[in-house]
Amino acid sequence: MGLTSWSGDKPRKYDVSIAKNYLNQEELEALNRIVTAYLEFAEVQALNRRPMYMRDWIAKLDDFLKLGERDILTHAGRISHELAVDKAETEYLKYHSGQSDQITRVEKDFLSAAKKIEKQEHH
């Protein structure tokens, strides 16, 4: 499926449509640092009461990424968001159907508790 991170014990359908869930630890750390630095810049702009419009933010973000020698996307890509989500959800359904035969942690805990009760009843 390609996921590298998710919340909880197992991935959920929701997790497969979040792009950052496919980043490795190093990429995720770089993304977090870039976002933090950019938000600090935005806060300084707000403190200086400098009006910024969406087109300004886009241009500043591109400049900011270029400053860090990051590649800038110049097009939307070959695959639409909808097709990417459909593909990810299809892969998740394959994964999930394979997981449905496995016992869950709740079921393991229940069986363990049932065994303990059974042992207590026999003693």
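**Figure 1. Arginine 49 lies in the loop between H1 and H2.** The model is a predicted one, in which local features need pLDDT of at least 70, side-chain atom pairs count only at pLDDT 80 or more, and totals for chains, interfaces and linings use all residues. Residues are numbered from 1 along each chain as its sequence is written, and side-chain values use heavy atoms, with hydrogens and water left out. The helices (DSSP runs of H or I, at least four residues) and strands (runs of E, at least two) are numbered from the N terminus. Arginine 49 is not a glycine, yet its phi is positive, at about 55 degrees. Most residues other than glycine have a negative phi. With a relative accessibility of 76%, arginine 49 counts as exposed; the term exposed means over 50% relative accessible area, buried means under 20%, and partly exposed lies in between (1.4 Å probe, protein chains only).

**Figure 2. Glutamate 69 is placed in the loop between H2 and helix H3 (81-99).** This residue, which is not a glycine, has a positive phi near 55 degrees. A relative accessible area of 73% makes glutamate 69 exposed.

**Figure 3. Glutamine 45 belongs to helix H1 (residues 25-47).** The relative accessible area of glutamine 45 is 8%, so the residue is buried. Leaving aside residues up to four places away in sequence, glutamine 45 touches Arg50, Met52 and Trp57; a contact means heavy atoms within 4.5 Å.

**Figure 4. The buried residues of H1 pack against H2.** They are Leu28, Tyr38, Ala42 and Gln45. H1 has 23 residues, and the distance from its first C-alpha to its last is 33 Å, close to the 33 Å expected at 1.5 Å a residue. The expected span of a helix is 1.5 Å times one less than its number of residues.

**Figure 5. Leucine 61 is part of helix H2 (residues 54-67).** Its relative accessibility is 32%, and leucine 61 therefore counts as partly exposed. Tyrosine 38 and leucine 61 are 23 residues apart in sequence, while their C-alpha atoms are 7.7 Å apart in space. Tyrosine 38 is one of the buried residues of H1.

**Figure 6. Helix H4 (residues 105-122) has end C-alpha atoms 26 Å apart.** Its 18 residues should span 26 Å at 1.5 Å a residue, which agrees. H4 is hardly covered, because the count of buried residues among its 18 residues is zero.

Figure 7. Along the sequence, the pattern reads α-α-α-α. The radius of gyration is 23 Å, well over the 14 Å that the globule rule gives for 123 residues, so the protein is more spread out than a compact globule. The radius is taken over C-alpha atoms, and the rule is 2.2 Å times the number of residues to the power 0.38. Taken along the principal axes, the C-alpha atoms fill a box of roughly 75 × 35 × 25 Å. Of the 123 residues, 12% count as buried. Among contacts with a separation of 6 or more, 38% come from residues 24 or more positions apart.
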